[in-house]
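Hi,

Here is the structure I promised to pass on.

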Amino acid sequence: DPKKIIKLSAEELERLEGTYALSGDKALKIQIQTTEKGLTIRQIWDNTVVDFTPRSKTFFLNEDGTFPLTFSFSNGKVTQVICFENDIWLKEK
């Protein structure tokens, strides 16, 4: 249910934090940080900030539901986030 917002623990949110680079153009980066209600993305190239709330442990949406984020994991660690189904952002170490 994409309209249902769930509550995640601080640990669940914090493991998603970090800097991510766009696959295919490493110069484009986003910074993901936790907030009281979920996550915030800051586009580093223009400082645009967008807030997201969790709909599952790996799926987040912005307020109007037009900007989906889906996180992927490997061995319990986040490896990437996919935005708009096609934009793949790889988590930097």
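Strands here are DSSP runs of E with at least two residues, while helices are runs of H or I with at least four, and both are numbered from the N terminus.

Before the rest, a word on what you're looking at: this is a predicted model, where local features need pLDDT of at least 70, side-chain atom pairs count only at pLDDT 80 or more, and totals for chains, interfaces and linings use all residues. Residues are numbered from 1 along each chain as its sequence is written, and side-chain values use heavy atoms, with hydrogens and water left out.

Back to Leu61. With 7% relative accessibility, Leu61 counts as buried (buried is under 20% relative accessible area, exposed is over 50%, and partly exposed is in between, using a 1.4 Å probe and protein chains only).

Now the core. The largest nonpolar core has 19 residues, and Phe60, Leu69 and Phe71 touch the most other members. Strands S1 (18–22), S2 (25–34), S3 (39–43), S4, S6 (68–74) and S7 (77–83) each supply at least two residues of this core. The largest share, three residues, comes from S7. By nonpolar core I mean a set of buried Ala, Val, Leu, Ile, Met, Phe, Trp, Tyr and Cys residues joined through side-chain atoms within 4.5 Å.

Leaving out residues up to four places away in sequence, Phe71 touches Leu16, Tyr20, Ile32, Leu39, Thr58, Phe60, Val78, Gln80 and Val81.

Tyr20 is in strand S1 and is buried, with a relative accessible area of 0%. Beyond its neighbours within four places in sequence, Tyr20 is in contact with residues including Leu28, Ile30, Phe71, Val78, Trp89 and Leu90. Its side chain also reaches the backbone oxygen of Leu16 at 2.7 Å.

On to the pocket side. The largest pocket holds about 180 Å³ of space. For the method: the grid is 1 Å over the protein atoms alone, and a pocket is an open set of points with protein on both sides within 12 Å along at least five of seven lines, whereas a cavity is a set where a 1.4 Å probe fits but cannot get out; lining residues have an atom within 4 Å of a point. Grid points are joined across faces, edges and corners, and the volume is the space filled by probe spheres set on the points.

The lining includes Ile5, Thr35, Lys37, Gly38, Leu39, Phe52, Thr53 and Arg55, and S4 gives the largest share of it, four residues. By class, the lining has four nonpolar, four polar and four charged residues (Ala, Val, Leu, Ile, Met, Phe, Trp, Tyr, Cys and Pro count as nonpolar, Asp, Glu, Lys and Arg as charged, and the others, Gly among them, as polar).

One of the lining residues, Arg55, lies in the loop between strand S4 (49–54) and strand S5 (59–62). Is Arg55 buried or exposed? Arg55 counts as buried, at 14% relative accessibility. The side chains of Arg55 and Thr53 are joined by a polar contact of 2.9 Å (a pair of N or O atoms within 3.5 Å; within protein, one must be able to donate a hydrogen and the other to accept it, and residues adjacent in sequence count only if both atoms are side-chain atoms).

Last, a few spots around S3 and the loops. Gln43 lies in strand S3 and is buried at 18% relative accessible area. Ile44 sits in the loop between S3 and S4 and is partly exposed, at 35% relative accessibility. Asn47 belongs to the loop between S3 and S4 and has a positive phi of about 65 degrees although it is not a glycine. Asn75, in the loop between S6 and S7, has a positive phi of about 55 degrees, again without being a glycine. Asn75 is exposed, with a relative accessible area of 78%.

Cheers

Methods: Contact = heavy atoms within 4.5 Å.
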